[in-house]
Amino acid sequence: MSVQATEYRGSIHQQQKELMLQWYAALDRAAGNAAEQPVVSMMVSGNCVELLEGFGAVPLYPEVNALQLAIRHQSLDPILLAEELGYAADNCAYVKADIGAYLKGITPAGGRLPKPTLVLCNFVGCNTYLKWFEHTADLTGAPLYVLDVPFLRSEEPGEADIAYVVRQLKEVVARLESLTGRKFDYDRFQQATAYSAESEGLWSGIKHLAQRSPSPFDAYFDAITLMGPLYVYRARSEGVQFFRDALRELEQKPVSAEDEKFRLVVEGPPPYPYFRAFRDMFARWKACAVASTYSTVGGLWEFGFRHDPEKPFESVARHMLAQNVTNRNYLQRYEQIGHYLRAWDADGLIIHFVKSCRLFSAGQGDMREYFSRMGVPTLYIESDLEDPRYFSEAQTRNRLDAFFESLEHMKRTGARRMPLAAPQPSPLRVL
Amino acid sequence: MKIAAGVDVGSTQTKAVLLGTNGETAMLARALTDTGANVRAAAEAAFGELCRTAGIAHSDVAFIVGTGYGRYNISFGNAQMTEITCHARGAHFLCPGARTVIDMGGQDSKAISVGANGEVLDFVMNDKCAAGTGRFLANAAEVMGIGLDQVGPLSLKAAYPVKIATVCTVFVESDILSYLAQGRKPEDILGGVHLAIAKRTVSLARRVPIEPKIAMTGGVARNCGMVAALEKVLGASVHVSREAHFAGALGAALFALERTDESFESAVWRGEHAGRSRN
Ligand code: SF4
């Protein structure tokens with residue numbers, strides 16, 4: 001078998017780079033003049049960037065900084081420093097890299113990172129966030145607000161849950177008004193939700209392009225490139241423009257049947273310290289991720305949810321409560337993956353267990369078993385999203401190669417196609 | 001006669017198998033050498049030995065498939081495949097009807113669920129930890145000053161196997177030393193070590209459905225104590241071919257043979273080709 005690494009690089013990659021550099025430049029300016037440019041530190045998961053627009057505030061995402069360090073092979077030193085200070089080996093390495101980098105004064109783009117106006121812990125799903133943001137607030141001396149977003153316990157969030165989150169969002173507004181001395185611009189907030197809705201629709205369109213065969217879009221590796229603008233810019237006109245261009249470019253991207261040999265669903269974030277090597281392991285086999293759960297950490301927009309300018313606060317609350325993969329339960333994640341496998345017509349599932357992330361990786365052994373039993377070729381691999389010490393290139397590649405060899409065999413002999421079309425049995429029902 | 005070879009460059013040993021077919025497949029030669037630091041040289045040595053034993057020239061070999069961790073270092077190979085795919089294929093050839101393959105090598109152990117024609121349906125492997133592998137056993141043997149070829153037979157004599165709680169290849173040494181200090185018999189300690197490895201391997205293997213027949217492959221398959229311990233923990237019999245150690249190389253050679261002849265390949269996958277090893 002001849003294998004060749006391929007990677008698509010269109011003009012949207014250049015645009016993405018420029019947008020992200022603009023973001024880092026804004027953060028750098030804010031570091032020089034805090035009064036002019038408010039900054040809110042926040043988590044990617046179910047983030048409420050729309051609310052920030054009401055203050056013209058810029059989001060600061062510690063996860064994005066941490067993963068940028070990892071991609072640039074700069075994560076190990078800060079991790080080691082954090083461990084010297086007492087962070088345990090099994091702490092989430094995002095936290096260690098972020099804290100260590102802060103103490104070492106390392107920033108991903110080389111510019112300065114500001115002291116946040118507010119450390120806003122949008123606590124969705126992951127309890128590591130709480131401690132992480134407490135530490136950030138403590139280190140930087142910035143005020144902390146913990147947004148308590150109840151875990152999704154049913155198909156839809158209840159009215160009480162929504163009201164509870166909306167009340168807190170309004171508290172955040174009041175808090176930011178007193179911290180910035182600015183009045184909250186409700187119209188701008190409303191406009192931001194309108195921009196978001198548009199960006200989200202375009203993003204969803206991009207994700208649905210992967211239903212084509214061959215797919216012009218890799219919903220794991222390419223999606224990651226688009227995720228930066230999605231979290232930073234979706235509530236702004238630049239974001240809408242970017243996603244409009246991206247959708248157009250990808251729609252017109254020429255792809256031939258030979259470019260795609262396998263269609264996969266991927267669960268879990270990538271090993272960022274070895275991002276390129278990992279991507280090449282897929283590309284060598286012409287394997288395309290047609291869907292991924294990781295690309296829904298920020299939001300589950302391909303299933304129809306949009307922010308709503310008619311009900312801006314409520315829609316932000318709904319997004320945080322139910323429309324991101326982190327605040328949803330395991331059975332809902334099974335449903336999501338099962339839906340991808342069917343509607344995106346995938347050949348198999350790859351689960352990447354991330355040592356850092358106990359919360360979302362625990363249970364993936366069962367997940368593997370669940371999908372294997374349904375007849376889905378499923379591969380389970382382990383490493384880390386930030387700590388390079390947990391990635392073994394030879395082992396990972398060996399497993400992926402073996403998985404693709406068996407998929408190739410199945411294709412060649414027509415041995416097995418996923419018997420997934422049948423509706424799922426009752427264990428999937430969420431009470 | 002069409003001739004093809006498989007070379008399995010493992011972390012500890014390099015195995016090579018030469019197959020010929022004239023309608024019926026026969027093993028013409030096999031070779032075994034320590035991998036050592038020079039992976040490429042080990043592969044060349046093993047392949048050279050194959051040709052010498054069979055009395056053929058290198059150029060007589062129509063196709064060579066490399067497998068094992070060192071597969072990409074084989075300078076003379078025509079194609080590479082993972083040892084997972086090759087072990088399944090080799091085990092199925094040696095033990096027709098095998099549905100589960102437990103492969104224990106020097107640094108990793110794996111369980112493979114195998115389809116009716118020797119194809120991989122599913123597999124699991126140990127991750128970043130040598131517990132449950134040949135290395136764990138080699139460490140234990142070394143601490144006790146007993147040759148690796150004797151630990152298996154000795155472990156079969158265990159009347160009261162000790163409990164080895166650790167799964168760490170390094171810490172097992174201190175466990176063993178403390179049992180020795182307590183005056184426990186070497187066979188009981190070894191019995192415990194074998195059971196510990198077997199339990200770990202079986203718990204790994206349970207993640208793919210364990211279905212009979214179960215075949216064992218890899219270097220550790222030569223250890224009768226390990227086979228017995230696995231059978232005990234599984235509560236089922238484990239088939240071990242005399243060539244089990246060569247299953248990866250054999251699988252690679254079978255794939256290589258297919259590449260020489262497409263009609264042969266499709267016959268194999270239609271289940272119409274019954275191969276037999278010469279031994
Ligand atoms: S534990 Fe997981 S979800 Fe939480 S911060 Fe770390 S990587 Fe993110």
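A salt bridge, as counted below, is a side-chain nitrogen of Lys or Arg within 4 Å of a carboxyl oxygen of Asp or Glu.

1. The model is predicted. Chain A is split into domain 1, residues 11-183, and domain 2, residues 188-413. The C-alpha centres of these two domains of chain A lie 22 Å from each other.

2. Extent of the contact inside chain A. Domain 1 of chain A puts 63 residues in contact with 57 residues of domain 2 of chain A. About 5000 Å² is buried between the two domains of chain A, and carbon and sulfur atoms carry 64% of that area. On the domain 1 side, the residues that lose the most area to domain 2 of chain A are A:Ile12, A:Glu50 and A:Glu53, which together make up 15% of what that side buries.

3. Charged and polar pairs inside chain A. Between domain 1 and domain 2 of chain A there are 6 salt bridges. A:Glu50 takes part in a salt bridge with A:Arg234, at 2.8 Å from N to O. The count of residue pairs in polar contact between these domains of chain A is 22, with both residues at pLDDT 80 or more.

4. Elements on the domain 1 side. Two or more residues each come from helix 1 (11-32), helix 2 (49-53), helix 3 (62-71), helix 4 (76-84), helix 5 (93-104) and helix 7 (159-180) of chain A. Helix 1 of chain A has the largest share, 9 residues. By class, the side of domain 1 of chain A that touches domain 2 of chain A holds 37 nonpolar, 17 polar and 9 charged residues.

5. Extent of the contact between chains. How many residues of chain A are in contact with chain B? There are 24, and they meet 24 residues of chain B. Chain A and chain B bury about 2000 Å² between them, with 46% of it on carbon and sulfur atoms.

6. Charged and polar pairs between chains. Chain A and chain B are joined by 2 salt bridges. B:Arg71 and A:Asp401 form a salt bridge through their side chains, at 3.3 Å from N to O. Across this interface of chain A and chain B, 9 residue pairs are in polar contact, both residues being at pLDDT 80 or more.

7. Elements on the chain A side. Helix 15 (364-373), strand 8 (378-383) and helix 16 (393-413) of chain A each give two or more residues to the side that touches chain B. Helix 16 of chain A gives the most, 14 residues. The side of chain A that touches chain B comprises 7 nonpolar, 8 polar and 9 charged residues.

Definitions and conventions. Residues numbered from 1 in each chain as written. Chains lettered and ligands numbered in written order. Predicted model: local features only at pLDDT ≥ 70, side-chain atom pairs only at ≥ 80, totals over all residues. Heavy atoms only, no water. Domains from an automatic or database assignment. Contact = heavy atoms within 4.5 Å. Buried area = accessible area lost by both parts, 1.4 Å probe. Polar contact = N/O pair within 3.5 Å; in protein donor to acceptor, adjacent residues only side chain to side chain. Helix = DSSP H or I, 4+ residues; strand = E, 2+ residues; numbered from the N terminus. Nonpolar A, V, L, I, M, F, W, Y, C, P; charged D, E, K, R; others polar.
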